[in-house]
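Subject: Structure for you to look at

Hello,

Here is the structure I promised to pass on. Please open it beside this email and follow along.

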Amino acid sequence: MEPQRRGIAMETVSIGGYIPTGFLDYPGAAAAVIFLKGCPFRCPFCHNPGLVLPGTGGESFEPDEIIGDLERRKNFLDGVCITGGEPSIQEGLVPFLGELRSLDLKVKLDTNGARPDVLEEVLGRGLAEYVAMDIKAPREKYSLASGWDGDLSLVEKSISLLLRSKIPFEFRTTLVPGIHGLEDAPGIGDLVRGAPLYVLQRFRPGLTLDPAFAETPPLPVWFAEAFRERVLLFADEVRIRG
């Protein structure tokens with residue numbers, strides 16, 4: 001590695017978590033997971049409040065330390081999942097992904113779609129082999145589910161970018177009690193229309209951004225199955241995961 005090139009990314013990427021090897025975050029791959037700090041959303045059911053809220057402490061990792069560890073173990077890994085928080089708000093995301101790709105590791109990027117300009121650059125430069133984008137709710141409930149009052153057209157542009165891209169990707173929604181109802185399926189389906197894969201996940205209680213959700217029981221399995229039936233027409237494949 002050229003130290004000067006690595007330094008571009010090292011100064012502008014804030015890492016708040018690292019799993020050296022995992023088997024759940026990257027479909028079909030043994031992958032390290034890197035959690036980047038910060039997010040413009042404030043989803044009340046978020047399980048990573050320490051990454052989302054600035055100034056709340058938590059762990060910090062030096063990027064060059066992570067790169068070094070991956071370099072030593074790259075023959076035992078298939079790839080790396082970059083998640084958060086929201087990775088696209090990191091100033092050094094693009095050069096950091098370039099560092100990871102230089103290790104011949106596949107990269108999966110998780111995003112909420114709020115920064116289509118960054119996503120477009122990542123896709124254009126071929127810096128990710130897989131993208132997972134969260135679809136929080138139908139349009140009329142997006143601010144409720146995301147805690148974000150930004151321009152929803154930014155999310156819609158990210159959706160369009162992925163639908164036009166040539167790399168594997170998925171859209172996914174966490175079904176949350178008190179936020180999602182079966183009546184929301186057509187509205188969400190319209191957002192993901194034409195997707196090769198749409199994934200539904202049931203919210204699980206635990207540490208959450210809004211403590212009111214910490215002990216909220218998940219929606220029943222029948223709800224997820226009924227929701228799936230209502231969105232089958234909008235995507236090539238709809239799965240329930242977890």
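The chain has 9 helices and 8 strands. Its radius of gyration is 18 Å, close to the 18 Å that the globule rule gives for 242 residues, so the chain is as compact as a globular protein of that length. Keep in mind that this is a predicted model. Along its principal axes, the C-alpha trace spans about 55 × 40 × 35 Å.

Next, the inside. Buried residues make up 54% of the 242 residues. Residues 24 or more positions apart account for 73% of them.

**The cores**

In soluble globular proteins, nonpolar side chains tend to be buried together. Here, the largest nonpolar core has 71 residues. Those with the most contacts inside this core are I34, L70, I82, L100, F171, Y198 and F227. Apart from it lies another core, of 6 residues, among them Y26, A29, Y130 and V199.

Have a look at F171. Leaving out residues up to four places away in sequence, F171 touches M133, I135, I159, L162, L163, V192, A195, L197, Y198 and V199.

**Helix α4**

Helix α4 covers residues 93–102. How many of its 10 residues are buried? The count is 7, so α4 is largely enclosed by the rest of the structure. The buried ones are L93, V94, F96, L97, G98, E99 and L100.

F96 is worth a click. Its relative accessible area is 0%, so F96 is buried. I67 sits 29 residues away from F96 along the chain, and their C-alpha atoms are separated by 9.2 Å. Just after α4 comes D104, which takes a positive phi of about 60°.

Now step back to the loop between β3 (79–83) and α4, where you will find Q90. Is Q90 buried or exposed? Q90 has a relative accessible area of 10% and the cut-off for buried is under 20%, so Q90 counts as buried. Leaving out residues up to four places away in sequence, Q90 touches T12, V13, S14, L36 and K37. Compare that with Y142, 52 residues from Q90 along the chain: the C-alpha atoms of these two are separated by 23 Å.

The largest pocket has a volume of about 1200 Å³. It is lined by 39 residues, and the closest to its centre are N48, D134, R172, T174 and Q201. Which elements give two or more residues to this lining? They are β2 (31–36), β4, β6 (169–175) and β7 (198–202). β6 gives the most, with 4 residues. By class, the pocket lining divides into 15 nonpolar, 12 polar and 12 charged residues.

**The cavity**

Rolling a probe the size of a water molecule over the atoms shows where empty space is left. The structure holds 1 cavity of 30 Å³ or more. About 30 Å³ of space lies in the largest cavity. Its lining is made by E86, S88, L109, T111, R115, V118 and L119. β4 (106–111) and α5 (116–124) are the elements that give two or more residues to this lining. The cavity lining has 3 nonpolar, 2 polar and 2 charged residues.

Best wishes

Methods: Residues numbered from 1 in each chain as written. Predicted model: local features only at pLDDT ≥ 70, side-chain atom pairs only at ≥ 80, totals over all residues. Heavy atoms only, no water. 1 Å grid on protein atoms, 1.4 Å probe; cavity = no way out; pocket = protein on both sides within 12 Å on 5 of 7 lines; lining within 4 Å. Points joined across faces, edges and corners; volume = space filled by probe spheres on them. Nonpolar A, V, L, I, M, F, W, Y, C, P; charged D, E, K, R; others polar. Buried < 20%, exposed > 50% of the residue type's maximum accessible area, 1.4 Å probe, protein only. Core = buried A, V, L, I, M, F, W, Y, C linked by side-chain atoms within 4.5 Å. Contact = heavy atoms within 4.5 Å. Rg over C-alpha atoms; globule rule 2.2 N^0.38 Å.
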